[in-house]
Amino acid sequence: MNTAQQEAVNYMHGPLLVLAGAGSGKTRVITHKVARLIQAGMPANRVAAITFTNKAAAEMRERAKALIGRAASEVLICTFHALGVRMLRANGAVLGLKPQFSILDTDDVTSILKDAGGSTDAATARAWQWTISAWKSAGLNAEQALAQAADDSQRIAAVVMGRYEERLSAYQSVDFDDLISLPLKLLRDHPEVRAQWQAQMGHVLVDEYQDTNATQYAMLKLLVGCEPDGSLSPGKDAARFTAVGDDDQSIYGWRGATLDNLRQLPQDFPTLKVIKLEQNYRSTSAILRAANNVIGPNPKLYPKNLWSDLGEGEPVRVVDADTEDHEAERVVARIQSLRADGLAQPGPQFKELRDFAVLYRANHLSKPLEKALRKAAIPYKVSGGQSFFDRAEIRDLCAWFRLWANNDDDPAFLRAITSPKRGIGHQTLGSLGSFATRYKVSLFEALFASSLGAALPARAVGSLHEFGRFVNDLQFRARQTQGAEDALAFLHAWLQEIDYEKHLYDGEDSPQIAAAKWANVMEFCEWMAQRCGGQVDEDILVMQTASKNLLEVAQTIALLSTLNEREKDQNVVTLSTLHAAKGLEWPHVMLVGVTEGMLPFKMDDGADKPGGSSRADEAANLEIAERLQEERRLMYVGITRAQRTLLVSWTKRRKKGRDLIAAQPSRFIAEMALDQNTIKEDPREKLRALRAEFAARAAQAAG
C-alpha cells in the first residue's frame, strides 16, 4: 500500500473521511482496515462495512476472506437496505411489525398506489411512487409532505401517500425506502434500540459515501454514537467510523444522493480527519489527464488531482460520425482493429471480448450498437437488462414464498391464488377484498372469518378455505425443510402439486418459450436450495454459514435482485449506461453519443424566461448549474472506467422521434483539452491498413 492508504488503514481512533479518487484502491483500504481493526482487538462481529450494491458487498466479502480467513464471516458486510432488514427483523416489533414482514417490489407498490389513489393509470402511479420515494429519502412522512406540498399535484401525492402507508401497515409490508426510513425511526425514537445498536457497532465503514441520501446519513450518525439532537451519546468520546467516497463521482442526485452529506461531516464531527487517495492504479496518464481536465470546472469540496505511474499510454481518441448507425459501425471497426492489431507489445494484450465496453448516457442508444454487433457476429451483453427476478415465472414463485413467510401480504396473496388459476374468479376475489376492507383485516385472515359465508356463496368460501389450508400446510412443511437436498425435493414436489409446468405451457403459444420459462424455474429452485444448504449468500446478508430452513430463506426473497452466477465468465462485449458502469473498469472503453443535449443531458428548462420572478429565475439557474455539475461528474466517471484506451464518439445528426436533427459535440469534449494532433481517428481506415498489412505478409510468406 502507498503512504496515504497505510495512513487510512491505521487511523482508528475517531471519525475519518477517505477521499478515494477513481481507481485509487478504496476497496483495498476498506478490507485492510477491517483486518487492522480485528488485529487491534476489535471483535469481528462489531465491525460493519456498508456498501450500496450486492455486487460490491460480495467483492468486499471475498477480499476480506482472503485477507483474514474465517473471521471475515463474522464481519457485517452488507448493503444499507440489508442492514435495515436486519434491524427491522430484530426490533421492528416496537413499530408494530412482525418479524416475518414482507418487502414489496416495484410492481406491488405500483398496484397498491393505483388502489390508494383510485387510478387505473400506471404512469400516474409511477409518478406518485417517485414523489413518495423522494419524500421518504428526505425523511418525510405523509403529514409532513402534505404540509410542504408546493402545488396541487404534490398535495394529491401526499394524500395518496397517507393511504399508501395505511395499506402497508395493514399488509405487514414495507417498500425499499422503508428499509432505511423505518430503521432511522427505530434509532431516533427508541433509546433502548439505539443503545443496543450503538453497542453492536464498534466501527462502521461506509463505501461510496458520496451516494448516501439524507436519511442514510441520519441513520449512520445514530449508529456511530450520536443522539437524535446530533450530540455524542454519554460516555462516547469519538464516533468511530470511516467514510470512503469521492465527491467527483456523485452521480445519483436524481435518486436522493446529496453532496451535502460530505459538506456536513466536518461540521457534525469537528475532529474529522481527512485523507486523500490520489494515486490511480487503473488508467494511463493520458486518460487521467482528460478526466482531471473535465472535472476541473466543477467547484471542489476537497480539491485533488489524480496521477498514475502507469505511463503515458495511448492518446485519447475522438471520432465523429454522421448518424447513430454510422457511429455504431465505427465502434465495431474500433473493436475489430484493436483485436487484430499485429504490433507485439509487452504485457497482457487485452484482446478478449470481455476487455471491451461501450458506454452511453441513455438506454435507447444501445439499439444501433446491438444491430451493428449482431451484423459483425460479435457477442455482447447489455448491462442492466431484465433481471432474472423480474421474469413473470420467477415473480409467481416469489409471491408464493412471500405468502408463506407473511400471510398478511395481500399483493402476494392475489398473485399466488391466480398463478396458476384455481377456479377462484375475480368476482370472488373482489368480494373477499371488500369484506377484508370492511373489517380491516388481510385477505388471508378474511378467508377464515366465520361471517364470510354471509358475503360469499358456499362454493366460493369452500374454494377459498381449500387454498388457505394449502398455504398453511406449505408454510408448515417449508419450516420443517432444511438443507439443500430436502429443499430441492420439496420445491419440485410443490410445483407438481400446483401443476405449474402445465400452467406455463398453457399460457404460451410457443412450446420453446414455455420450455425456457420452465428451465428458469428449475434454475431458481436449485438456487433457493443452495441457500438452504448453507452457501454464503452473496445477495442478502453476510453470515449464512449454517443450513437454513426453506421458510427462513423465503423471508429474504424480496431483497434479491439478480443471479450473480448467471454473468460469470462471459467473454462478450459489454454495453452499459454510464450509471450502471460506475465501480467497473475495462481495458478498452468507448463513450458514444457524447453530444450536447445527451451528455450533458438537455439543460434548457426555462430559466431566465421573461415574466418570471427574479427569485424563481435564480433558483432555476442554480438548479441547472447543479445538474450540469452532476452531468460533468458522469462524464468523469465514464472516462475513468478506461484502463488502456479510451475513444469518445459524437454524431453530427441524431434521431429525435422520426426526424434526424443536427447535433453538436458535447462541451465536455473540448474540456478534455486533448492534443489537437491526436484526437481525430477513423477506425475503419486503421482496420483497412491492418488488413492490407496482413495480406502483404501472407503474400510474402507464400512467395
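This is a predicted model: local features need pLDDT of at least 70, side-chain atom pairs count only at pLDDT 80 or more; totals for chains, interfaces and linings use all residues.
Entry 1, strand β1.
I looked up the burial of β1, residues 16-20. Five of its five residues are buried, so the strand is largely enclosed by the rest of the structure. I then took the two faces separately. Leu16, Val18 and Ala20 lie on one side, Leu17 and Leu19 on the other, and both faces are covered.

Next I checked the pairing partners. β1 runs parallel to β8 (residues 273-277), with five bridges between them. In that pairing I find Val18 opposite Ile275. β1 is also joined to β7 (residues 241-245) by four bridges, again in the parallel sense. Here Leu17 faces Ala243.

I looked up how α6 (residues 122-137) and α8 (residues 152-170) cross. Their axes come within 10 Å, at an angle of roughly 80°. That value falls in the 65 to 115 range, so I call the two helices roughly perpendicular. On the α6 side the contact is made by Trp128, Thr131, Ile132, Trp135 and Lys136. The α8 side contributes residues including Gln154, Met161, Tyr164, Glu165 and Leu168.

I placed Asp355 in the loop between α14 (324-340) and β10 (356-360). Which side chain of opposite charge is nearest to Asp355? I find Arg354, 6.0 Å away. A salt bridge needs a nitrogen-to-oxygen distance within 4 Å. Asp355 has no salt bridge, yet the residue is buried. Leaving out residues up to four places away in sequence, I list its contacts as Phe350, Trp586, Pro587 and His588.

Definitions and conventions
Residues are numbered from 1 along each chain as its sequence is written. Side-chain values use heavy atoms; hydrogens and water are left out. Buried means under 20% relative accessible area, exposed over 50%, partly exposed in between (1.4 Å probe, protein chains only). Lys and Arg count as positive and Asp and Glu as negative; His and the chain ends are not counted. Contact means heavy atoms within 4.5 Å. Two strands pair if DSSP finds at least two bridges between them. Axes are lines fitted to C-alpha atoms, for helices over the stretch in contact, and angles run from 0 to 180 degrees between N-to-C directions. Angles under 35 degrees count as roughly parallel, over 145 as roughly antiparallel, 65 to 115 as roughly perpendicular and the rest as oblique.
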